[in-house]
Each structure stands twice: as structure tokens, then as C-alpha cells.
Amino acid sequence: WRARDIDCPEAIVEEVLRIYGYQNIPGSLPAFPITPPEENKLRTTERRLSDILVRELACAEVYNYSFVSAENIKNLGDEISKYLELDNPLSKEKPFLRRHLLNNLLENVKNNIDNYSELRLFEIGRKFLPELSGLRVSQNSDELLPREVNWLTAVFAGKKNKNVFGEARGAAEAIFRELNMELKLGAPKKLAPWLHPARSGDVVVGGKYVGSVFELHPKALKNFNLDCAVAALALNLDELAALAVHEKKYEPISEFPAVQRDLAFVIGKEVSNAEIVSQMSGQSDLLKKVELFDVYEGVNLLAVKKSVAYRLTFVHPERTLTTSEINEVVEKIKNSFISKWGVEFR
């Protein structure tokens, strides 16, 4: 009777199993591969950085529209001709697409600083660059849209705290620790009108520019009617996501005590902190850390000179260092600085 309704191989298998006896077949779960989805590195980086800023640095995240006004652009000191203007803007007051997240963040500071002694705000969003090529308008079109780049910008404002640049740099250090990357600040290649001439630096990773840490120029503060110091950290998330290291590497802590020495000297203002640290670090493997803790310019110094002080930390992984070994390295550093820059040690 079953022969009349068996119309596929599975029906034959079922009949054989019924005759053989289902109770004689051991039970087992079906085996199939579970392939995890491909990681979205940009989203992972955004979340990691947001967690650091919120949990460690007590920052508040804000969400702004991507549109800015002509007045805002002028207050920042930027050129309106660089911005894309929309034919049908949501608001006639803000017809331009932003080139920086800083534009609207400064408005946030302006609207809230009267109620707080200090503010720590950040935003993650896209900025629009018409001079760079982006996606195609359609699949078969030769017309290209402006490039959209994902950035993070954090601002630190304080009425009483004048060291807001230190806070912005500290935020950058915390972020790069999380990303397992070394933070390197260099002199800005191009000084934008809103950057403070003496407190600005480019963030460089592997020779590639990925952002900047800077204090706002006093003129820009005045244009926004801000009676407080403001510093900012701006990072290109697209670049960071591609460079970020997700695996942490650990090194054993030396069982032997570290030795610290302070060096103070007068040097030309044109010599950057990065150059000084690089020159010191290259003199000995025993030198593990170099910290700048004092800078002085003014009375009793020539206009082209500055007085700086550094703390040097020496460690040997296998034994305790002797005084003569430390003195030898310090003298080597001094001689290299004298021969290269003619510095005067204090």
C-alpha cells in the first residue's frame, strides 16, 4: 500500500526507519556551523571611545543637526565658500552642511555655560567635504557626492579652570590607551583661524594625520561671546577604526625600583616638545619615560627662549641601577642637547 505514495527518496528512508525501529537509532543534535558576523570596526571604535568619554571622563554626549549658519561659520573664522549650501534646507538660518563638529558644539557651550562652572561635551557624527570625492549618486552615474567622514569631537570648557588644554590632551591619552596605540602630538602643519597659536597639536599615528588637540583662539571665543577657556579634541574615526589594535599586549613590571631625575634648561621656542622627547629617548634604553612638567616664558628670558623642565624615569628590568649609570646617561643627554641646540641647563 505504501508503494503507491512513495514519491521521493525521503519517503523510502522514512519507511526503512519505521521497519528498523526508531528506538534503535541513537539521538543526536543536528550539526551546523555558526559563523559570527563580520565585525563593524567603525561601530566598535565609536562605542569604545564613547564609553571612555562617558565613564572615565564624565563627558555628556550631544546630538546636533548637520546644518550650520553663516554667522556660525564666520564666528569660527572659516570661509563660507568651503561649505555646501542646500537648495531646500530645513531651516533658512542654517542652510550649510557642516565641515566641523566644532561649529555646533560651541553653540552648545554658549547655551549652557551660564548654568555650569565647567562643561565636557562630545559628539560623534559626519562632516561633509565637497573638495573630496564620495559615493556615486547612483550605480551607473559618473556624478559623485561630497565625501562624508566620521569624526568625534569633544570640547572642554571652564570658567575657573584655565588648563582646559590639559583636559583635552588627557582625554586623548585615555582614548589611545584604550586603543592600544601610542599618542604622538606634533606641531600643526596648518594653523586654522580657530586654533590657538601656542596650544595646538596634530595627532599622528604611523605618519598619518588622524586628528588634533587644541585650545580655541581668543578671537573665536570672543566671536561666540564665550567668557571661558575652551579646548577640543577632534579625531577621525574612519582612520582610527582602521588603525586600532584590539588585542592588548602586557609586559611584566620590573621588580627593581625606578629612578627619577629632573632636568631643567633654556631652549629656543621653535623646538617642539616632541623633538625634545625624541632626542632624550634615543640616548639610552634605560630611559623608560619622559614627562614635561613645567614651561616658563617671560621675565629674565629672551623673547625667543623658553625654560622647560622634564622628569626622566630610568628602569633596568634585571637589576637595580647605580648612581654612576644614571649620571652617565644624564650627561650623555646634556651633551647631545648642547651640541644640537646650544641649551643652557639650570
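**View 1. Overall dimensions and secondary structure of the protein.** The predicted model contains 9 helices and 13 strands, and its C-alpha atoms fill a box of roughly 115 × 70 × 45 Å along the principal axes. The radius of gyration of the protein is 30 Å, whereas a compact globule of 346 residues would have a value near 20 Å.

**View 2. Burial, surface and contacts across the chain.** Of the 346 residues, 39% count as buried, and the accessible surface of the protein comes to about 21800 Å², with 51% of that area belonging to carbon and sulfur atoms. When contacts between residues at least 6 apart in sequence are considered, 66% of them join residues at least 24 apart.

**View 3. Charged side chains of the protein.** The protein carries 46 positive and 49 negative side chains, and the centres of these two sets lie 4 Å apart.

View 4. Ser 200 is located in strand β7, which spans residues 195–205. Ser 200 counts as buried because its relative accessibility is 15%, under the cut-off of 20%. A polar atom of the Ser 200 side chain lies 2.6 Å from the backbone oxygen of His 196.

**View 5. Residues in contact with Ser 200.** Leaving aside residues up to four places away in sequence, Ser 200 touches Phe 165, Pro 188, Leu 191 and Leu 195, together with Val 213, Phe 214 and Glu 215.

Note on methods: Residues numbered from 1 in each chain as written. Predicted model: local features only at pLDDT ≥ 70, side-chain atom pairs only at ≥ 80, totals over all residues. Heavy atoms only, no water. Helix = DSSP H or I, 4+ residues; strand = E, 2+ residues; numbered from the N terminus. Rg over C-alpha atoms; globule rule 2.2 N^0.38 Å. Buried < 20%, exposed > 50% of the residue type's maximum accessible area, 1.4 Å probe, protein only. Contact = heavy atoms within 4.5 Å. Areas by Shrake-Rupley, 256 points an atom, 1.4 Å probe, with all protein chains shown as cover. Lys, Arg positive; Asp, Glu negative; His and termini not counted. Charge placed at Lys NZ, Arg CZ, Asp CG, Glu CD. Polar contact = N/O pair within 3.5 Å; in protein donor to acceptor, adjacent residues only side chain to side chain.
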